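Here is a short note to read alongside the structure, arranged as numbered points. Each point takes up one part of the fold.

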Amino acid sequence: MRYAMAIDTKKCVGCSDCVVACQTENNVPHGYCRDWVVEAMDGTYPNLEIEIRSERCNHCDNSPCVRCCPTGASHYEAGGIVTVTANECIGCGACIESCPYDARYSHPDGYVDKCTFCLHRVEKGEKPACVAVCPTNCMYFGDLEDPDSDVSRALKNRKYKTLAPEAGTKPQIFYLI
Amino acid sequence: MKTRRDFIKISALGTAGIAVAGSAFSLMKGKPLFAQNNDKKPFDDGDLERTPTYCEICFWNCAGWTYTNSDREIIKILGNDDDPHCNGRLCPRGTGGVGMYTDKDRLKKPLIRVKKEDGKSTFREAEWDEALDVVAANMKKVAEEHGVESIALFNHGSSGHHMGHLLKAFGSTNIVAPSYAQCRGPREVGFTATFGAGVGSPEPTDIRDTRCMVLIGSHIGENMHNGQVQEMAQAIDNGATIITVDPRYSTAASKSKFWLPIKPATDIALLLAWIHVIINEELYDKAYVEQYTYGLDLLKAHVKNMTPEWAYGITTIKPDVIRKTAREMGNASPSTIVHPGRHATWYGDDTQRSRAIAILNALLGSWGRRGGFYFKEALHLPHYPTPQYPSPKWSWKDALNGKYPMAGLSVSNALIDATIPAEDNKHQIHAWIVSGTNLPLTMPDKDNLKKAMDALEFMVVVDTMPMEITGYADVVLPECTYLERYDDLRVSPHREPNVAIRMPATEPMYDSKPSWWMAKQLGERLGLGHYFPWDDYKEVIEWQLKELGTSLDEMKNIGVKIFDRDSGALYLRDGEDMEFNTNTGKIELYSTDLAHHGFDPMPKYTAHPEPPAGYYRLNYGRAPMHTFSRTANNLNLIDLMDENKVWVNPKVAKLWGLKKDQLVWLKNQDGHVSTFPIKVRITERIRWDSVFMVHGFGHSNKKLTQAYGRGANDSELITTVMIDPIMGGTGLRGNFVTFLTEDPGKETN
């Protein structure tokens with residue numbers, strides 16, 4: 001099993017519903033976020049292009065954050081989901097520095113927090129909150145090893161990319177382009 | 001908008017861009033090792049109770065579920081899977097509706113205006129009984145002195161209905177919502193003049209099955225009209241062509257096959273040129289046009305000289321692009337939607353622009369066709385038995401004095417004018433009830449609004465938040481949020497008729513109350529108790545649901561119920577007989593109604609004023625995470641966007657020496673300066689002849705502790721209003737601004 005996500009940049013309108021749904025689902029304090037939206041523009045008026053992406057932890061196969069965690073709080077769960085065990089975290093911030101995607105933040109309660117792919121929902125067979133709420137239905141989640149999963153089907157006929165592949169982290173969020 | 005700390009890092013890895021949502025953070029230096037309280041877990045849905053509701057953050061009114069914990073606190077709101085408005089997916093505002101409930105700045109107690117010793121006014125808190133007594137006494141006094149018709153209700157949203165019932169029972173029908181004359185009114189009139197039916201809400205656009213959709217200044221995706229955004233994403237999946245006409249590179253433009261960066265204020269010229277091409281290249285749906293429409297020959301003669309070459313000189317859109325896009329529309333016909341838009345009050349000839357849009361749809365045969373416009377259907381909500389309303393001696397129509405003959409609904413700006421004493425004002429308004437609409441950030445021409453409010457004998461405001469309008473009230477009544485109250489059943493039209501219920505998920509916070517309760521209390525004080533034969537509004541809903549063949553118990557479990565259609569098919573069948581509700585019984589390409597009232601029966605292009613040197617046309621619009629001024633204090637949504645910025649083309653920025661995020665004040669052509677400064681966003685997405693800002697920011701009431709002074713308020717810069725003579729709509733886009741880089745030292749309250 002290998003959980004992953006595909007996000008269709010052709011459909012995303014950048015509404016940020018994924019951000020607020022994550023916030024209410026995961027009790028993320030105001031002023032912080034586990035996911036966010038990036039708008040990348042290219043060109044000059046009137047020859048323009050915009051790519052809009054919902055970003056979050058890439059749940060990398062080769063996660064620098066897990067490797068550099070001094071206590072083992074950062075670890076892989078089944079299916080490759082990277083999580084932090086809050087009460088084993090000393091808040092040193094090494095993982096934050098190591099992440100090329102800036103996917104982690106220091107929770108005001110003193111530990112490092114990040115996207116869990118909504119593990120608590122996924123365990124019950126539900127989609128992550130961001131995927132479930134997206135009005136444009138531009139996010140696909142599931143098991144890459146299952147050819148019939150939403151994510152596998154989404155990747156089948158489309159071109160896609162990952163962010164910062166040169167960092168060698170083997171990220172598991174795929175952007176359909 | 002906050003920028004994620006390492007955004008530069010991402011850029012360095014090869015992608016340029018900016019973070020539009022998400023939050024900055026700082027490392028928690030100096031925190032103790034192993035924090036004590038660090039085992040927070042997300043809530044388990046199994047431990048939460050869910051209550052059905054429909055959203056009140058915007059008019060789309062998506063149905064959802066409010067989740068409460070064991071302390072009856074609201075934790076989250078999720079969409080209802082069965083709801084055709086949202087299909088289980090609320091938009092960011094609906095998801096963030098929790099922030100409206102938890103807002104610490106909410107109105108908590110009734111407030112009564114009192115004069116201090118120094119002559120200045122202040123509010124004191126009051127108990128409900130006293131506040132309601134004061135409101136009822138003043139309503140009686142104004143009714144006795146000037147006639148009950150001199151009381152008007154300005155409203156928006158669900159709570160307005162309850163106050164409307166009260167006012168009609170009292171004897172006045174002067175009830176108005178700015179959503180008509182400041183928003184969608186012209187399009188309703190333009191479409192009614194053509195098809196004999198307005199567009200309504202939600203729009204019956206069959207986007208999910210369209211092959212070509214044309215957006216003219218309509219920025220779906222930034223306006224988060226949920227069902228439409230969802231269907232636009234489906235259309236993108238299906239490979240539909242999207243054509244976007246907008247001087248700004250909108251989100252929709254970025255999803256479009258064709259973006260036409262039109263010169264602002266010239267849309268009608270483009271539309272007429274499209275009509276010219278579609279008729280002359282015979283791209284129209286011939287059988288449909290022959291069977292259902294009236295006036296093709298007249299129209300053909302009318303647009304004879306309106307060639308793409310003619311339009312090029314006006315719109316700056318190249319003739320071959322005009323032809324190519326017209327052919328795209330024709331090839332996809334009848335599954336083509338030329339979208340009616342929503343906020344249509346731009347330049348004062350808006351009914352005519354909407355007519356041109358309607359005519360294009362008629363030529364393409366899209367009205368009543370798959371992938372065009374479907375025939376919507378709504379449930380008829382049975383009327384709970386209450387006595388007949390008395391007949392008023394005069395209404396808003398009389399107050400128009402013969403102006404705006406085709407206004408289908410009351411005209412807010414006309415009622416504001418009617419509040420200002422004048423010799424020829426025979427129908428003066430003397431008191432206002434304002435419910436759920438923040439007029440100072442909604443109405444243009446703030447001096448006129450101020451004049452009207454100064455002339456009022458009495459104003460009561462019903463709201464959940466200390467919006468700017470509350471500052472002008474004599475009495476403020478704190479309403480509980482939509483999550484804490486019953487309201488009317490939602491029966492808005494859709495492909496299939498349906499009903500949605502709103503039930504309170506928890507007790508109202510503070511000393512706030514539902515509107516239905518306030519209306520009943522006031523009714524009893526005005527001797528109108530017999531119009532309110534219920535103790536709890538739940539009884540009304542329960543009765544109505546029973547009449548509809550369901551029940552409160554069933555609706556509590558399902559939230560939304562879908563019924564079978566009984567008005568016929570969703571689309572016209574080939575050659576089906578159809579009579580339209582117009583004078584000719586046909587779809588009128590030539591409008592006999594407009595001709596009858598002395599207006600152009602077919603749309604014409606008129607040149608509108610252009611910005612003077614050093615000024616830029618002020619365009620405004622929406623962001624997906626906010627609803628006008630209503631959400632600017634909502635912490636969940638502030639996390640997504642906490643201020644507006646003025647979009648400036650890099651060439652213009654260079655000319656003025658403006659830097660990214662530099663604070664500037666905006667001054668308009670009439671010398672009005674924004675109360676607050678606004679940050680500059682330098683972007684290629686905007687033309688060099690205009691600027692853009694998101695509407696709804698720049699709140700000036702300090703009681704809105706989050707929203708106060710964040711960004712600037714476009715409404716106070718809209719002082720030139722181009723009125724549509726057909727229906728009274730306020731054209732708002734004829735205003736021009738320039739930049740002040742030094743603090744003009746404006747007073748803020």
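1. Please keep in mind throughout that the model is a predicted one.

2. The sheet in chain A is open and contains four strands in the order β8-β1-β10-β9, with mixed pairing. Its edges are formed by β8 (139-143) and β9 (160-161) of chain A, each of which pairs on one side only. Strand β1(A), residues 3-8, and strand β10(A), residues 173-176, run parallel and are joined by four bridges; within this pairing A6(A) stands opposite F174(A), and D8(A) stands opposite L176(A). On the side of β9(A), the pairing with β10(A) is antiparallel and rests on two bridges, with K161(A) placed opposite Y175(A).

3. Which residues of β10(A) lie on one side, and which on the other? I173(A) and Y175(A) are on one side, F174(A) and L176(A) are on the other, and all are buried, so that both faces of the strand are covered. In general, side chains of a regular strand alternate between the two faces of the sheet.

4. Strand β5(B), residues 111-115, and strand β16(B), residues 475-478, run antiparallel and are joined by two bridges; L111(B) has V476(B) as its bridge partner.

5. Helix α4 of chain B, residues 128-146, is 19 residues long, and the distance of 27 Å between its first and last C-alpha is close to the 27 Å expected at 1.5 Å a residue. Its buried residues are A131(B), L132(B), V135(B) and M139(B). These four are on the same side of α4(B) because they cover an arc of only 95 degrees around the axis. The face turned away from that buried side carries the exposed residues D129(B), E144(B) and E145(B). After the helix comes G147(B), whose phi is positive, near 95 degrees.

6. Chain B is divided into domain 1 (47-102 + 483-513 + 534-572), domain 2 (195-376 + 578-596) and domain 3 (616-740). The C-alpha centres of domain 2 and domain 3 of chain B lie 28 Å apart, and the contact between these domains takes 18 residues from domain 2 and 23 residues from domain 3. On the domain 2 side, the touching residues comprise eight nonpolar, six polar and four charged ones.

7. Strand β21 of chain B, residues 645-648, is buried throughout: K645(B) and W647(B) point one way, while V646(B) and V648(B) point the other way. Four bridges connect β21(B) in the parallel sense to strand β23(B), residues 678-682, and in this pairing K645(B) stands opposite K679(B).

Methods. Residues numbered from 1 in each chain as written. Chains lettered and ligands numbered in written order. Predicted model: local features only at pLDDT ≥ 70, side-chain atom pairs only at ≥ 80, totals over all residues. Buried ≥ 20, exposed ≤ 12 C-beta atoms within 10 Å, placed from the backbone. Pairing = 2+ DSSP bridges. Expected span 1.5 Å × (residues − 1). Arc of directions from axis to C-beta. Domains from an automatic or database assignment. Contact = placed C-beta atoms within 7 Å. Nonpolar A, V, L, I, M, F, W, Y, C, P; charged D, E, K, R; others polar.
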